[in-house]
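Trainee: I've got the coordinates open and I'd like to talk through how the pieces pack. Shall we go?

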2 protein chains.
Amino acid sequence: MSQELSCGTSPIVGLRFSIHPMADNFIEIIKGALREADTSNVWMHTDDVSTVMRGKQVHVFDTARAIVLYAAKTGAHVAFNGTFSIGCPGDSAGDVFLKKDDVLLNDPQIREIKQYVSSQFALYPMNNPDYMSVIYREVERAKEYGVFNESMHYASGLHGDIHEVFAFLEDSFTNARSEQYKHLVMTVNMSINSPSHKGEA
Amino acid sequence: MSQELSCGTSPIVGLRFSIHPMADNFIEIIKGALREADTSNVWMHTDDVSTVMRGKQVHVFDTARAIVLYAAKTGAHVAFNGTFSIGCPGDSAGDVFLKKDDVLLNDPQIREIKQYVSSQFALYPMNNPDYMSVIYREVERAKEYGVFNESMHYASGLHGDIHEVFAFLEDSFTNARSEQYKHLVMTVNMSINSPSHKGEA
């Protein structure tokens with residue numbers, strides 16, 4: 001299925017992502033993170049450029065956070081690039097992974113791991129004439145959450161504890177769509193263990 | 001400026017991107033590529049997560065292609081992640097870089113460099129009720145160009161000679177917007193010198 005056929009009016013959430021460890025042993029780090037995370041609540045497929053994950057929203061965010069954290073805790077400088085998507089017209093296929101319960105499989109293992117992250121996100125509410133108001137509102141929400149970092153061209157900066165940043169991203173992804181405007185895309189770029197972050201908690 | 005204030009009704013094109021060399025000497029590779037490319041036709045700013053470049057469309061694409069190629073020719077496995085944007089409402093600021101002429105500063109130095117690339121792109125024509133048709137049409141254009149690779153969730157695969165892939169991306173970025181629907185976002189992820197590409201020309 002191509003972009004136009006790939007997403008649906010179903011509540012299934014998709015994430016296409018890549019993990020980029022800036023280290024010679026990048027293969028070991030990527031494979032280790034994918035192995036260490038419990039991915040049994042999502043459908044996943046990896047190709048030569050990225051990995052796609054589909055399932056219930058809670059499990060997509062839980063699994064993504066686990067993969068990023070397991071790559072991060074190797075100490076390598078790691079970048080995460082992801083596009084979250086829901087509600088794209090054209091795909092009416094159901095998915096067996098929507099029948100999973102809501103118990104998070106990764107959170108209990110990872111929630112105590114401390115990790116600073118600097119990231120940038122952008123929201124694209126599709127076919128919504130009022131999309132700029134949605135974006136304004138979510139940037140304000142980031143400020144209330146305490147994870148807002150800085151304004152910039154084409155994105156907004158978020159930083160702090162990785163669990164808080166992920167919690168905001170999931171909340172914003174929920175709030176930036178509506179019954180009328182179901183198709184929402186959110187891009188996220190994270191930088192972890194960067195040499196630029198010396199001294200950050 | 002945040003996402004909502006950052007882009008404009010002017011013809012200025014923006015690209016927020018990162019280069020991720022999967023190698024211990026990633027800093028040297030990134031800095032080398034940024035130094036080797038002629039960036040004098042675009043405004044650029046680098047922060048701890050990504051780099052933003054703004055200018056005329058021809059120069060943004062020419063400079064991005066040069067940076068990617070200079071990082072690639074080190075032989076390292078390099079990923080490029082970029083979001084191209086034009087026409088976002090809210091920013092009416094002009095830009096001195098729009099006064100540059102159309103002479104490409106990088107193309108003469110790089111056009112003979114051979115490089116295979118596997119990539120994935122997605123188009124987000126904002127506030128356009130007919131956006132799915134635009135996407136369908138551009139996927140067909142990729143097939144006609146001969147750079148289409150495969151259909152997938154949330155993106156479309158492109159591959160082949162990097163100059164041809166960039167030419168398609170620039171053409172598609174032009175064709176996916178219109179006088180009525182000026183705000184267009186295009187995400188691009190490239191994988192170069194990947195261990196998964198053994199044997200690709």
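Trainee: How do the axes of α1 (residues 26–36) and α2 (residues 57–72) of chain B cross: parallel, antiparallel, perpendicular or oblique?

Mentor: Keep in mind that this is a predicted model. The two axes come within 8 Å and cross at roughly 135 degrees. Angles over 145 degrees count as roughly antiparallel and 65 to 115 as roughly perpendicular, with the rest between those classes left over. So α1(B) relative to α2(B) is oblique.

Trainee: Which residues of α2(B) does α1(B) meet there, and how many residues of the contact are charged?

Mentor: From α1(B) you have Ile29(B), Ala33(B), Leu34(B) and Glu36(B), and they meet Ile67(B), Tyr70(B) and Ala71(B) in α2(B). By class, the contact has six nonpolar residues and no polar ones, and the number of charged residues is one.

Trainee: Then there's α5 (residues 162–175) of chain B, packing on α2(B). Is α2(B) roughly parallel or roughly antiparallel to α5(B)?

Mentor: The axes are 11 Å apart, and the helices pack at an angle of about 150 degrees. The cut-off for the antiparallel class is over 145 degrees. That makes the arrangement of α2(B) and α5(B) roughly antiparallel.

Trainee: What's the make-up of that contact by class?

Mentor: On the α2(B) side the residues include Phe61(B), Arg65(B) and Leu69(B), and on the α5(B) side they include Phe166(B), Glu170(B) and Phe173(B). Sorted by class, the contact of α2(B) with α5(B) comes to nine nonpolar, three polar and two charged residues.

Trainee: Over to chain A. Which strands stand at the edges of the open sheet?

Mentor: Read off the order of the eight strands, which pair antiparallel: β2-β3-β1-β4-β8-β5-β7-β6 (chain A). A strand at either end has a single partner, so one of its sides is left without a neighbour in the sheet. The edge strands of chain A are therefore β2 (43–46) and β6 (148–152).

Trainee: At the β2(A) end, which residue of β3(A) stands opposite Met44(A)?

Mentor: β2(A) runs antiparallel to β3 (residues 51–55) of chain A, and four bridges join them.

Trainee: Last one: is Val117(A) buried or exposed?

Mentor: Val117(A) is in strand β5 of chain A, which pairs antiparallel with β7(A) over six bridges. Beyond its sequence neighbours, Val117(A) is in contact with residues including Leu158(A), Val165(A) and Met190(A). β7(A) itself is mostly covered, with five of its seven residues buried. Val117(A) has 0% relative accessibility, so it counts as buried.

Note on methods: Residues are numbered from 1 along each chain as its sequence is written. Chains are lettered from A and ligands numbered from 1 in the order in which they are written. This is a predicted model: local features need pLDDT of at least 70, side-chain atom pairs count only at pLDDT 80 or more; totals for chains, interfaces and linings use all residues. Side-chain values use heavy atoms; hydrogens and water are left out. Two strands pair if DSSP finds at least two bridges between them. Helices (H or I, at least four residues) and strands (E, at least two) are DSSP runs, numbered from the N terminus. Axes are lines fitted to C-alpha atoms, for helices over the stretch in contact, and angles run from 0 to 180 degrees between N-to-C directions. Angles under 35 degrees count as roughly parallel, over 145 as roughly antiparallel, 65 to 115 as roughly perpendicular and the rest as oblique. Contact means heavy atoms within 4.5 Å. Ala, Val, Leu, Ile, Met, Phe, Trp, Tyr, Cys and Pro count as nonpolar, Asp, Glu, Lys and Arg as charged, and the others, Gly among them, as polar. Buried means under 20% relative accessible area, exposed over 50%, partly exposed in between (1.4 Å probe, protein chains only). Lists of a residue's contacts leave out its neighbours within four places in sequence.
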